[in-house]
Amino acid sequence: MHHFYYRDSELYVEDVPVLSLVKEYGTPLYIYSAQTIIDHYTRFETLLEPLDHLICYAVKANSNLWILKLLANQGSGFDLVSGGELYRVLRAGGDPKKCTFAGVGKTRSEIEEALRVGIYSFIVESEEELLTIDAIAKKLSIQAPVAFRINPDVQAATHAKITTGSEVNKFGIAFSQVSELFDKCSKLDGVFLKGIQIHIGSQIQQVEPFLQAIQKVLPLVEKARQKYGAEFLDIGGGIGIVYEQAIESGREDWWKERKESLTLAQYVESILPLVKPLGMRLLVEPGRVLVGNAGILVSQVLYVKKGGAKKFIIVDAAMNDLVRPAFYDAYHQIIPLREQLDPRMEVVDVVGPVCESSDCFAIDRLLPKVQAGEYLAIFSTGAYGFSMASNYNSRLKPAEVMVSGKTVKLIRKRESYQDLVALEEELT
Ligand code: LLP
């Protein structure tokens, strides 16, 4: 669910008309609903209450400092994959003792920094990495907490570019090599085995692949606990969200009847019987499910163009602002800010100004007829939207605002041309 809805034919975010934000801050504009994020976090937290647990929000989904701060204030931990993410979390007031650090290519300086601030655990993805962490920890005269990421070799039934738990993926330690590495690890003085982690992919809409992966690693988790004293099992993130029909028109309470393919409740109810008997601490690393439906990207229609074979709605946002449709053929619902209750519909492509044919937000989409100057909201862009934005075509990254009730906060200014060149040397 989320807090975007039509009231008197105007799109609202919480208690604020979206049009008023657009008038104030311009377009393209990312808008987030704080309450939606809090609702999702609280719901997950409550469901996990029967277990000792820690939610580590996957920072990569949306790494704006204000969103990190919002989640830190709720008590969230963080799943990191770079020194930059660690820096952001610390800046936002996050607790390093609630941070895991994953990724196949941690650099020595990233490892050292994470050790110095005392993160909860490294998520180790290879033997060489384990040896590197061991060496650095010894140099600092500390023992580093490590968890093995096991590649369970299961298919996650999602887009090929976001599956991570199959043996052809670069992630995790191959299932067959784990036992031997447990042994090696136990002989190293600079590290101790604190946990086991799996993460099989993203935008997964059935519970079965999660269960399959957990079931597959359970014997190794038991061994890690009994023989090596591991204390936590981290089952990663990956819970999918609804992109189609992210909003319905005509009603404020539309979301009460919205079908979700995999609810947090279903997810937790299914995994609990498997993980509870372990008596270990459970970690989860949700990204998309916390913030995905909490954001929209608003864009203005620049031109309507009748091409040779198609009609194009050319908007002022582009693939540099939101790359998911171009990159993964991802579907995002698009609706006008002003609801047309009896709309004349037409089939169009919604495209941006970037010089690539893949710069599109929708292809052959049935949309209400719109004209230049009107605004469109692209839904469910709170996750992997701004965090994947770039300056391609020397376009300025959009502004971001967060709404909480009636309160509006500009949480990132629109970039300027000066920002664009600030890190390049003065021309002489
Ligand atoms: N933990 C690990 C180790 C991950 O690699 C990821 C996401 C997550 C947690 C969070 O997954 P989530 O709960 O958000 O599904 N850019 C793609 C998604 C890439 C996901 C990468 N890893 C997209 O826009 O669909």
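Tyr384 lies in the loop between strands β19 (375-378) and β20 (399-404), where helices (H or I, at least four residues) and strands (E, at least two) are DSSP runs numbered from the N terminus. The structure is a predicted model, in which local features need pLDDT of at least 70 and side-chain atom pairs count only at pLDDT 80 or more, while totals for chains, interfaces and linings use all residues. Residues are numbered from 1 along each chain as its sequence is written.

Tyr384 has a positive phi of about 55 degrees although it is not a glycine, and the loop between β19 and β20 also holds Ser394, whose phi is positive too, near 50 degrees, again in a residue other than glycine. Most residues other than glycine have a negative phi, and most peptide bonds are trans. Are these two residues buried or exposed? A residue is called buried if 20 or more other C-beta atoms lie within 10 Å of its own, exposed if 12 or fewer, and partly exposed in between, with C-beta atoms placed from the backbone. Tyr384 counts as buried because it has 25 C-beta neighbours inside 10 Å, whereas Ser394 is exposed because there are 9 other C-beta atoms within 10 Å.

Seen as a whole, the protein is divided into domain 1 (34-287) and domain 2 (293-421), with bounds that come from an automatic or database domain assignment. The centres of the two domains, taken over C-alpha atoms, are separated by 31 Å. Their contact takes 21 residues from domain 1 and 23 residues from domain 2, two residues being in contact if their C-beta atoms, placed from the backbone, lie within 7 Å. On the side of domain 1 that touches domain 2, the largest share, four residues, comes from helix α2 (residues 34-47). By class, that side of domain 1 has eight nonpolar, ten polar and three charged residues; here Ala, Val, Leu, Ile, Met, Phe, Trp, Tyr, Cys and Pro count as nonpolar, Asp, Glu, Lys and Arg as charged, and the others, Gly among them, as polar.

After α1 comes Gly26, with a positive phi near 75 degrees. A cis peptide bond with an omega of about -10 degrees joins Thr27 and Pro28, and Pro28 has its place in the loop between α1 and β4 (29-33).

Two positions carry annotations from an unreviewed UniProt entry; UniProt positions are given in the numbering used here, feature names are shortened, and annotations may be inferred rather than shown by experiment. The record's "modified residue: N6-(pyridoxal phosphate)lysine" covers Lys60, found in the loop between β5 (53-58) and α3 (65-73). Lys60 is buried because 22 other C-beta atoms lie within 10 Å, and it touches Val81, Gly287 and Ser387, not counting residues up to four places away in sequence. The record's "active site" covers Cys355, in the loop between β17 (345-351) and β18 (360-368); Cys355 is exposed because it has 9 other C-beta atoms within 10 Å.

Lastly, two pairs of residues relate sequence to space. Thr407, found in strand β21 (residues 407-412), is 391 residues from Val16 along the chain, and their C-alpha atoms are separated by 8.1 Å. Asp183, found in helix α7 (residues 178-186), is 145 residues from Ile38 in sequence and 42 Å from it in space, C-alpha to C-alpha.
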